[in-house]
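Morning, everyone. Please bring up the model on your screens, and we'll walk through it together.

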Amino acid sequence: KELRGVGRWHAERRERRSPMFSSVGYSFSKDAEAQKRDDVVALAEKDAVRREVAGEVAMTEGVPCPDGSSGSQQSASAGTHPPTEPVPPALSESAAGRKPDAVELSFLRCSYSLTVTRTGKPVPPFARMMCRVQTKERKLLSDVSAIVDGGRVLAVMGPSGAGKTTMLNMLTLERGKGKATGYITLNGHPLTPALYAKHCAVVTQQDLLWTFLTCRDHLRNAICLYRPSLGKAEREAAIDELLDATGLTSCQHTKAGNIFFRGLSGGQKRRLSLACALAKRPSVIFLDEPTSGLDSAAAAKIMALLKTVAHTMGIAIVCTIHQPSASVVEGFDDTLILSGGRIAFFGPASDISSHLERIGRPLPRNANPAEYALDVVNADFTSKRAVRAILDAWPAHAPEPEPREPRPLADMPPTASFAAQTAVLLRRHAVLTFREPVLYAARLLMIFLTNLFFAVVWVKTRDYTQEVALQKFFMMAFCVGVPALYTIIAVYGLNVEVAAVRKEIKDGMYSPNAYVLANVLLQVPAVFMLAAAALLPPWVVCDIAWPAFAPALLAFGTLLLALECCAQALSLLSNPLLGMMLFITHWFVSFLFSGVFVRISSVVWPLRALCYATPMRWGLPTLIYQLYAGGKNFAGAQDCTPTPELGAFCPGGFFCPGESLLTCYGKTGEQVLNTVGINFDVISSEFTLWRDMILMAVIALAWKLLFVVMFNRMCAGGTTPSKPGRPPPRLRHDVHATVGPSSAIKAPAFTCRQPPAVKMAQSKHGARLAFDEANLNATVGCGRSARTSQGHTPAVSDVGSDSRVSADIEDGTMDIRTTGVNGEEVTHQKTLDLDHVRIDREAKVWKLQDERDSQEMRTELAFIECSYSLTVGANGKLANPLTSRCAKTYEKLLLRSVSASVSAGHVLAVMGPSGAGKTTLLNMLTLEPGVGDATGYLTINGHPLTPA
């Protein structure tokens, strides 16, 4: 239908979600066919309006246009105009005025080396001081060069240990223990930490999201910090566009979650991390294994999304891929294959098969080029000599990348000011403080319950008698020392938080000092709330004077603040367990040398310095002072005036009739403090609240300054690789390889010196044979033999006069190729009877037996009619067992009547998208206890599967 005005189309377009990504098959919520039909209609309508406004078509066919020609004629003369795919405003702004190839990221002659011992182990910290330790240089990357243009996706692939993560760390300017050299430029400008923070973003392999923030919360904070000029309505519209573009609209109000709190799925977290990066509108995005841990469908959608984003916004995307399936391969334009830190291939992904064919590694029929390329460069499963030949062959085909002339970069809008950054972070962490129970809420509850327990234990201290005068002293020591130990929780919680904050600071979202200021503004009132929760139980249960509560709150709050700052500084350690152990040590030393267990005058130097440098030395005595001073008088003691006649019976102006001097502490609180101070030199009746608070604040400030210095140093941006020296000339290694006129390299022939690496090859008889490297380089002769169907063992003399023999196995035949001394290649074919091949296991080959030999010992695992259900509330969350009888609940089926069996010798793969029930089924089969109801039959050879 033809539209009658532009306003009608805009009204309908606002009601309909943006068809971006959906129009090319990347819809995450709608049915694919329905979404495609909607998008085609939307695109056709928009194209009709565009041509109508331009005067290209008439509103009704046959109606004359302004120039007098009919609409149909003008349309034919103007040619066919394919409808352009609409771009969401949130994304189109970044691409406005910028060509897709305007951005160019290049990294040239990049190398990375580590200093290790002769045995290949890391050098110990103090080994360099010891002259006997011998070291060597170990290269993790060697002369890696590539160029990524805007609008293209580069996939860095390779087997484990190939150097993918090292390469990505170099590109993102991550600090490392090794030495990095090379040239990394963005549009010809050296990539510095400041340039990186302005134009680049990274999506790490582990999604660094805030557990208790929703998708919408994440994007709102990101847009407020990256694009502060947007108004409220524009900001919400940009959030909606990003949610729709990344397929997160259906879960926009779901919290991110973590391993303890269930939230978004793995694929949704990955898309949310990408959406937060897109909120910056960067020029380059780095992704570390974005498809790892996802099912095949989610991985394909992620890569398709990346490709569409790159093409639409003109962004250069660099990602590492560990396991590329055929659908994932379609999601990237260029490929960089690494092996052992060297380049095996770089170029368009479509050229992988042609390059492998040129070097004598033709692609097998119906094989995935990327997977096959990774197989032939994997030295763990392919002979190292063959891998080295492939790596040596690359320089003959590698283009010579050279740095280009610097070009101007696209102007980036200014980020939020320091005050705005602080306000946004203050709001975000205030929400996290109330939502996240670990850091403060759980600690507040535990502190309250612990001190309530101590108050009940010492409940008799309510009676102000001589018997309990000293007991109040120990009660306060426990009510202060144990809650202070709970600060250890902050070490772990802040360590997890710092990882996410460091990534955001590196991406230029805000400055480190804005985070520090916002953290302090929340930290100070939070610790005083913890102090109030700790002091309320003893004050209420043990009947302590309320006028002393406020001074005690100030003292205890300052003490907890000093310990909190210490925990925050220790949270910067890479291993949180080490930080927690160090905090326990600090707490123990602080408690021991607080003066209530050991007399300070009896501590030897230099250990005595610890008595003055720990916060509990100043906090605990002043709290004990508030416990006694200004309170009620203690019964059992009477005032007296010391005279020569009374002598030792009235030493402190009081005495206890009928009581021993050892159990008489005094009538007033000051008298009790002076009596206790005889054995503890930090206890006295002197008012020292302000002095003690100032000293504890100084200790807290020292720890906070240490945290700020370490934190700023950690978030300093990164390290730019140093310039390499004179690059070595390119070497053409001709190890049994010949380069023809068309630069095609023939398959190398290797000399047999050891049993070949084995790999399974399928025969036409259904048996499996272990052989070297898929269809290539199976060695015969050299002391080894392979029995043919005629019982003949081929020798070197049978196939040629040279001892270098290679073979191919396919469909039960062996094609033996050899190069004679005269240079001629001779091929012989032998037929193998694979059903009866037996090779000694000690010779590193496989034993094959007929299936009938083990029929009697076959094992069969069967699971029949397996179901698993959970009891959930009306909101879909797990029902509370205590309230489930009163509240309305529902049964939610995670598995429904699943049945299958697997026999010995077979591999059963359980597959499905996220949330399909794979893990639930595996937990049932492994008899893992759960919170739901499991039903079904699990048997092994017909016997019920029990824990025994």
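α7 passes α15 in a left-handed crossing. Left-handed means the near helix is turned anticlockwise from the far one by less than a right angle; clockwise is right-handed. Names such as these come from DSSP runs, numbered from the N terminus: helices are H or I with at least four residues, strands are E with at least two.

A word on the source: this is a predicted model, where local features need pLDDT of at least 70 and side-chain atom pairs count only at pLDDT 80 or more, while totals for chains, interfaces and linings use all residues. Residues are numbered from 1 along each chain as its sequence is written, and side-chain values use heavy atoms, with hydrogens and water left out.

Back to the pair. α15 covers residues 418-435, and α7 packs on α15 at about 165°, with the axes 9 Å apart. Axes are lines fitted to C-alpha atoms, for helices over the stretch in contact, and angles run from 0 to 180 degrees between N-to-C directions. That angle makes α7 roughly antiparallel to α15, a label for angles over 145 degrees.

Which residues of α7 and α15 meet? From α7, D217, N221, C224 and L225; from α15, Q421, V424, R427, R428 and R435. Contact here means heavy atoms within 4.5 Å. By class, this contact has 3 nonpolar, 2 polar and 4 charged residues. Nonpolar is Ala, Val, Leu, Ile, Met, Phe, Trp, Tyr, Cys and Pro; charged is Asp, Glu, Lys and Arg; the others, Gly among them, are polar.

Next, a second pair. Helix α17 (469-485) and helix α21 (576-592) pack at about 165°, axes 10 Å apart. α17 and α21 are therefore roughly antiparallel. Their crossing is right-handed. α17 brings A477, G481, A484 and L485, and α21 brings F583, W587 and F591. That contact has 6 nonpolar, 1 polar and no charged residues.

A cavity is a set of points, on a 1 Å grid over the protein atoms alone, where a 1.4 Å probe fits but cannot get out; lining residues have an atom within 4 Å of a point. The largest cavity holds about 190 Å³. Of its 21 lining residues, L208, C276, K503, E504 and M509 are closest to the centre. Which helix gives the most to this lining? α7, with 5 residues. The lining divides into 10 nonpolar, 5 polar and 6 charged.

Two backbone details to finish. The peptide bond from W605 to P606 is cis, omega near 5°. P606 is in the loop between α21 and α22. R281 is not a glycine, yet has a positive phi of about 55°. Find R281 in the loop between α9 and β7.

Note on methods:
Parallel < 35°, antiparallel > 145°, perpendicular 65-115°, else oblique. 1 Å grid on protein atoms, 1.4 Å probe; cavity = no way out; pocket = protein on both sides within 12 Å on 5 of 7 lines; lining within 4 Å. Points joined across faces, edges and corners; volume = space filled by probe spheres on them.
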